[in-house]
Amino acid sequence: YTVVPFVLIAVLFYYTAKDENTIDAIPAHPQLTVNVTGFQWSWEFNYPQYNVTTDGYMWGQGPLPLLEIPTGETIEFNLTSPDVIHSFWVPEFLFKRDVIPGHPNHFSITATQTGTFTGHCSELCGLYHSRMLFTVKIVTPAQFQAWVSQQQAVQKTASGSTQ
């Protein structure tokens, strides 16, 4: 009654630890990095290598924030929060990560098929938590490059008109 449960737990622990290490592995040189900031009550996505940021809008005050990523490329997500605990969750990724102030979190994925999905905050973060949504658009690499060029032009125009 003691040895059999101990062996079962040891076997399950081994496979859990092995799979967790595989899932949590961050590649040394991802092809794309996206800095994700969760704040009350929206998201902001920054693509540092392209100098592109998609602004976060509070639900009802503009379009949902857009996270656009290409297929076939390794993407590293760096998650941060300046205010309260959030949770970055896209159900189609079968994966979620907590976004805790002062404790950056990371994960990587390689999308294999195109599509448009809705992402959520799955950690109760305040009054408008249920409205803390974002759109994930997975596109081909060519479509992604066209989107980046469009965003750079829009942001250049916006920064030029304020000076």
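User: Over how many bridges do E9 and E10 pair, and in which sense?
Analyst: In this predicted model, local features need pLDDT of at least 70, side-chain atom pairs count only at pLDDT 80 or more, and totals for chains, interfaces and linings use all residues. Strands here are DSSP runs of at least two residues, numbered from the N terminus, and two strands pair if DSSP finds at least two bridges between them. On that basis, E9 and E10 pair in the antiparallel sense, over six bridges.

User: Which residue of E9 is the bridge partner of Trp89?
Analyst: Strand E6 (residues 86-90) pairs with strand E9 (residues 115-121) in the antiparallel sense, over two bridges. In E9, the bridge partner of Trp89 is His120.

User: In what order do the elements of the protein chain run from the N terminus on?
Analyst: The protein chain has two helices, a helix being a DSSP run (H or I) of at least four residues, and it has 10 strands. From the N terminus on, the order is α-β-β-β-β-β-β-β-β-β-β-α.

User: With which residues is Phe77 in contact, leaving aside its neighbours within four places in sequence?
Analyst: Contact means heavy atoms within 4.5 Å. With those sequence neighbours left aside, the contacts of Phe77 are Val34, Val36, Leu67, Ile69, Asn105, His106, Phe107 and Ile109.

User: Does Arg97 count as buried or exposed, and at what relative accessibility?
Analyst: Arg97 is found in strand E7 (residues 95-99), and, leaving aside its neighbours within four places in sequence, Arg97 has contacts that include Asp24, Phe88 and Phe107. Buried means under 20% relative accessible area, exposed over 50% and partly exposed in between, with a 1.4 Å probe and protein chains only. Arg97 therefore counts as buried, its relative accessibility being 15%.

How values were computed:
Residues numbered from 1 in each chain as written. Heavy atoms only, no water.
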